[in-house]
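Please open the sequence and the model first.

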Amino acid sequence: MFTVTPEQALGIALDHHRAGRLAEAEAIYRQLHALQPQHAEVVHLLGVVAHQSGRLDEALDLIQRAIAADPGAFPYYNNLGLLLSHLGRREEAVAAYHTAIRLEPGAADAYYNLGNTLGEMGRPIEAVQACQTALRLQPGHGGARLNFGTALARVGRMDEAIAHYRAVLAQEPANVSVLINLGNLLKDLTRLEEAVELYRAAARHAPNDASAINNLGVALKVAGEIDEAIDCLARSVALDPHRPELHSNLIYTSTFRPSTTPAALAGEMHRWNTIHAAPLRRDWLPHPNDRSPERRLRIGYVSPDFHDHVVGHTLLPAFEAHDRTQFDLFCYSETVAPDEITARFRALSTGWCDTAHLSDADLAAQIRRDRIDLLIDLALHTAHNRLPLFARKPAPVQLAWLGYPGPTGLEAMDYWVADPILAPPGPEPAFERPIRLPDAWCCYPARPDSPGVSALPASSAGFVTFGSCNNFTKINDRVLALWAQIMHAVAGSRLLLVLRGSGRDKALRTLAAHGIGADRVDFSPYYPGLVSAGGKVPPPAYLERYHRIDIALDPFPYNGMTTTNDALWMGVPVIALTGEMTHGRASCSLLANVGLPGLAASSEAEYVRIAAELARDLPRLATLRATLRERMQRSPLLDAPRFTRHLEAAFRTAWRYWCAQP
């Protein structure tokens, strides 16, 4: 079998393994296993290769057999822990790491792996301690140095986390992973300029690293530098065209660029489908679901946002109002930091599955085992989506909803949830058709702890204050130029924005170029959730800024959504511009649902006219201020039971259609 000794053959196999040539290594391991079936190390290495190749059940069997043959081998337990953690069996993984540490108390790797798993389990203090021990045992441990800062941040020790990363960079200024991790921390602290500079440094040191270029692009998007962001994201896709999440970032960011046309956006979505989804179509399996059209249905919701996030908050009223006699609800949660909102969803669910550790193929198999009838995607092309899962068609009916208003472009997606304004009647696409709810496509989770509505600011100030509480991703030069026209049309008016740092500077420069001085522009305090990628809902005090605003100005081409509802809830009318694309019609839909369709303009000139006329009519503004909250309370936007009945009717219609197919 071998022209060398078994020991030499094992050495050759290990060389292949270390070089990433798994097939070559496995072939030799299997030959050695045939010669010596009880050789524990060979069985263990076969298990490691199986794990690295994605054959997790086989890997578990092999590593457990190796441990049975040699229960005193530290590496076997360490690798068992890694595998169990990958399988989502984290308590068992922790036990395996502790056994490894008992066998080899100086094993930095075991402490490092233990810290990672404890962090995933929401035990950050223990994770910090494990990481500290790994660094004490091996100060140069690359993984521990990289993750220690993240672990510190999870327990709120931000200053220490930043200091740790800066100390590493002082020794290794070209450490791309540390540059990115520190950039992530600073971005979440709204120190966006510093974060962008770190991402730029990472991209300089790794110009062909798609992840580094992608991180820079995402940060530039948050900073409102949309054109440069799209350039970066397009380059990251070109560098690594087979990573769907990079391509999704490009698609989502393109929705914020004024020059993006409907045809261009549809074309990019089609390209995503062709590259990432179409190859999976050959693996679609028949669905054995009972085709009774009126039976109780099993609904699966897939999201990374079952937590304190705008999507989670918006979904929760409908989730609570679902008719449990007609629908069983399953949540497939990509949430990595569960909180009180997560617990509420979990308590309301028929079935719950944490999915972060599951591959798309494994999750698809789980959804089939759960016999899901309708599977709802709540992320679309936003961060941490599972669109490649939907491309596998694990459920007979699949719908996109809530991540943003619009389609995904996936052939495997049957519908996207719309309303008559988001998707006006017209020719229907061949796939992913809009399924229109009669009122609005979502309802508004008004906070019970909201501050009250104030008197009209202009009544006492002597001037009208326009304002926008949208983040700078949505506020582009065209928007600012139009707002400047409005301010010229309304003498003495002021503008209140929620910006800081470079965003502030850019807004002031752009407005000055259109004749509006800095003395007419105010800025409101900032909240981290408005700038970070986390989408966290800010505290109730955030709504108090509307006490200073008489008229809210909606951005375009990407409208406000929650911010539009917030303004209306606080008695502030919103002027919107109806766009060509679905994400440019969201505010128009909301305004129609509170009986104010006249505040939605069909052209830029009309946008300016409506805003200026309303600003000159203080009695009407005062009346709107006093009545808008009541309008909201009486509208479909706050009627969660009504909304949910419409949503359920749409689900039932989609189900009946599938049942009628051959």
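The dialogue below takes up the sheets, then the salt bridges, then some arginines.

Q: What kind of model is this, and how are its residues numbered?
A: It is a predicted model, where local features need pLDDT of at least 70, side-chain atom pairs count only at pLDDT 80 or more, and totals for chains, interfaces and linings use all residues. Residues are numbered from 1 along each chain as its sequence is written, and side-chain values use heavy atoms, with hydrogens and water left out.

Q: How do I read a sheet, and what is the order of the open sheet of seven strands?
A: Strands of a sheet pair through backbone hydrogen bonds, either parallel or antiparallel. Helices (H or I, at least four residues) and strands (E, at least two) are DSSP runs, numbered from the N terminus. Two strands pair if DSSP finds at least two bridges between them. Here the order is S3-S2-S1-S4-S5-S6-S7, with parallel pairing. Strands S3 (351-354) and S7 (433-436) are at the edges; each has a single partner strand, so one side of each lacks a neighbour in the sheet. On average, neighbouring strands of this sheet are turned by 25° against each other, direction ignored.

Q: How many bridges pair S1 with S2?
A: Seven bridges, in the parallel sense, pair S1 (residues 297-303) with S2 (residues 327-333). Ile 299 has Leu 329 in S2 as its bridge partner.

Q: Which strands does helix H28 lie across?
A: Contact means heavy atoms within 4.5 Å. Axes are lines fitted to C-alpha atoms, for helices over the stretch in contact, and angles run from 0 to 180 degrees between N-to-C directions. Helix H28 (residues 640-660) lies across S1, S2, S4 (374-377), S5 (397-400), S6 (415-418) and S7. H28 runs at about 110° to S1.

Q: What is the order of the open sheet of six strands?
A: The order is S10-S9-S8-S11-S12-S13, with parallel pairing. Its edge strands, S10 (521-523) and S13 (600-601), each pair on one side only. S8 (residues 465-468) pairs with S9 over four bridges in the parallel sense. Thr 465 stands opposite Arg 494 in S9. Two bridges join S8 to S11 (residues 551-553), and these strands run parallel. Gly 467 has Ala 552 in S11 as its bridge partner.

Q: Which helices lie across S8 and S11?
A: Helix H22 (residues 477-489) lies across S8, S9 and S11, at about 145° to S9. Helix H26 (residues 604-615) lies across S8, S11, S12 (574-577) and S13, at about 170° to S12.

Q: Which residues of S9 are buried on each side?
A: In a regular strand the side chains alternate between the two faces of the sheet. Buried means under 20% relative accessible area, exposed over 50%, partly exposed in between (1.4 Å probe, protein chains only). In S9 (residues 494-497), Arg 494 and Leu 496 are buried on one side, and Leu 495 and Leu 497 on the other.

Q: How many salt bridges does the structure hold?
A: Side chains of opposite charge can pair when their charged atoms come close. A salt bridge is a side-chain nitrogen of Lys or Arg within 4 Å of a carboxyl oxygen of Asp or Glu. The structure holds 40. One of them joins Arg 30 and Glu 58 (3.0 Å, N to O). Arg 30 is in helix H2 (residues 22-35) and Glu 58 in helix H4 (residues 56-69), so the pair ties together parts 28 residues apart in sequence. Glu 26, Arg 30, Arg 55 and Glu 58 are linked in a network of salt bridges.

Q: Where do Glu 225 and Lys 506 lie?
A: Glu 225 and Lys 506 form a salt bridge, with the closest N and O atoms 3.7 Å apart. Glu 225 lies in the loop between helix H13 (210-222) and helix H14 (226-239), and Lys 506 in helix H23 (residues 501-513), so the pair ties together parts 281 residues apart in sequence. Glu 225 is partly exposed at 31%; Lys 506 is buried at 13%.

Q: Where do Arg 645 and Glu 648 lie?
A: Both lie in helix H28, three residues apart, about one turn of the helix. Arg 645 is partly exposed at 36% relative accessibility; Glu 648 is buried at 6%.

Q: What does the side chain of Arg 629 reach?
A: Arg 629 sits in helix H27 (residues 618-634). Its side chain reaches the backbone oxygen of Pro 451 at 3.0 Å. Arg 629 is buried yet has no salt bridge; Asp 566, the nearest side chain of opposite charge, is 8.9 Å away. For charge, Lys and Arg count as positive and Asp and Glu as negative; His and the chain ends are not counted.

Definitions and conventions
Polar contact = N/O pair within 3.5 Å; in protein donor to acceptor, adjacent residues only side chain to side chain.
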